[in-house]
Amino acid sequence: MSQSFSELIGTISDFVWGPPLLILLVGTGVYLTVRLGGLQITKLPYALKLAFSKNQDKTSRGDISHFQALMTALAATVGTGNIVGVATAVVLGGPGAIVWMWLSGFFGMATKYAEAVLAVKYRVTDERGQMAGGPMYYLERGLKQRWLAVLFAAFASLAAFGIGNGVQTNSVALALKSTFDVPLYVSGILVMVFTGAVILGGVKSIGRVVSYFVPIMIIFYLGSGLIIMVMNYTLIPDAIALIFSSTFSAEAIGGGAIGAAIRYGVARGVFSNEAGLGSAPIAAAAAKTDMPGRQALVSMTQVFLDTLIVCSITGITLVMGGQIGSGLEGVDLTAATFEQFLGPFGRYVVTIGLVMFAYSTVLGWSYYGERSIHYLFGQKSIIPYRIAFVLVAGLGAMTTNLNLVWALSDVFNGLMAIPNLIGLLFLSGVVIAETKRFNQQLALENRNRKAS
């Protein structure tokens with residue numbers, strides 16, 4: 001009975017994450033890129049400057065700074081997908097999957113921008129004076145379709161307990177058990193303590209912690225990958241050539257390999273950066289900002305950093321290692337490749353990176369789930385939710401098999417995207433209008449700066 005149920009969930013997951021949704025996700029990004037005039041290229045330098053500036057907006061409405069909002073969103077997205085997901089993509093879709101991952105990331109930047117514009121524009125102040133926003137609010141207040149908002153919030157709150165919690169802490173515990181022989185129950189207790197200590201303080205506590213934690217974890221993993229690339233720079237040209245040749249060669253197209261590359265490259269890219277799923281705009285809505293467009297540009301950099309930087313380091317390193325097709329998969333392939341270049345230390349890099357990435361995902365998703373639960377049931381549900389979230393974190397770490405939870409989480413994660421994409425497409429006119437207003441404000445600020 002349980003096996004047949006698992007097979008049913010697996011079938012549903014394959015359907016939800018099938019070509020129609022992937023086409024809709026990327027198609028929405030292409031559509032928005034055209035309407036926004038390639039904003040992810042023209043405004044990227046300013047967006048990065050805004051995100052990492054020391055002079056963060058401290059006077060506008062909001063709970064956390066631009067940088068803290070970006071780090072909260074990055075905490076949720078820079079996760080197991082950057083290590084396990086990329087390895088899975090190149091095993092199932094070949095090296096060419098990396099190109100399609102890049103393309104999904106490029107167009108996803110426009111999607112992420114649009115999500116954040118709407119999240120800030122339609123955000124509200126809750127009964128405790130904190131910002132509340134995200135797809136449920138722009139679906140209700142902008143599109144006037146509360147039933148879609150309720151659907152999104154329900155799917156998001158369920159996904160938060162699975163893909164944003166239990167399966168992540170399980171990855172942490174198994175990685176620590178495999179590499180350092182830490183008992184699962186010890187990992188479970190530690191995860192509960194560290195998770196509870198942060199999320200019980202709410203978004204301001206999460207924002208403070210991830211603003212320090214996320215940069216350290218990304219620099220640690222990226223630095224290790226860059227060391228590999230610098231030390232073995234002679235392998236890079238051949239690796240890049242193989243990535244592109246396996247994408248567009250006549251053999252790939254004629255043999256159908258390009259279909260697998262597109263499917264797994266796009267799917268894993270979206271899984272990693274979450275563009276179009278509707279999760280990250282919940283964090284964007286909490287940011288202190290004077291205009292929706294300003295925070296939206298900061299949010300856009302999340303996809304750039306997650307997919308076009310972090311995932312690229314993993315993908316290129318895997319191709320350089322030449323172990324694709326060896327029978328290794330997922331984290332084992334990434335760990336073996338890093339170990340190949342860095343010796344035993346390489347495996348520690350991947351394990352520690354996986355632990356940090358997964359834990360950060362738990363912190364980011366705890367806020368997404370909290371806002372979704374709050375939308376559905378009000379302020380009285382927050383404390384019970386936080387307690388339940390901490391308990392699930394511990395139980396997930398102590399469980400040996402979460403395949404069914406993974407499958408269910410995948411389904412809810414994919415279902416989140418459908419109402420969100422409907423909102424993005426029908427409210428795209430609002431996004432364009434807000435962008436024009438913001439561009440006028442930017443032009444005025446530039447004139448005033450030159451005049452002074």
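I counted 21 helices and 2 strands in the protein; these are DSSP runs numbered from the N terminus, helices being H or I with at least four residues and strands E with at least two. I am working with a predicted model, where local features need pLDDT of at least 70, side-chain atom pairs count only at pLDDT 80 or more, and totals for chains, interfaces and linings use all residues. Residues are numbered from 1 along each chain as its sequence is written, and side-chain values use heavy atoms, leaving out hydrogens and water.

Next I looked up the overall dimensions. The C-alpha atoms fill a box of roughly 55 × 50 × 45 Å along the principal axes. I also checked burial: 59% of the 452 residues are buried (under 20% relative accessible area, with a 1.4 Å probe and protein chains only).

Then I turned to one helix pair. Helix H6 (residues 80-93) packs against helix H16 (residues 292-321) at about 55°, with the axes 9 Å apart; the axes are lines fitted to C-alpha atoms over the stretch in contact, and angles run from 0 to 180 degrees between N-to-C directions.

Which residues in H6 and H16 meet? From H6 I noted Asn82, Ile83, Val86, Ala87 and Val90, and from H16 Asp306, Val310, Cys311, Thr314, Gly315 and Leu318, with contact meaning heavy atoms within 4.5 Å. I sorted the residues of this contact into 7 nonpolar, 3 polar and 1 charged; Ala, Val, Leu, Ile, Met, Phe, Trp, Tyr, Cys and Pro count as nonpolar, Asp, Glu, Lys and Arg as charged, and the others, Gly among them, as polar.

Last, I looked at contacts with a separation of 6 or more: 84% of them join residues 24 or more positions apart.

Conventions. Buried < 20%, exposed > 50% of the residue type's maximum accessible area, 1.4 Å probe, protein only.
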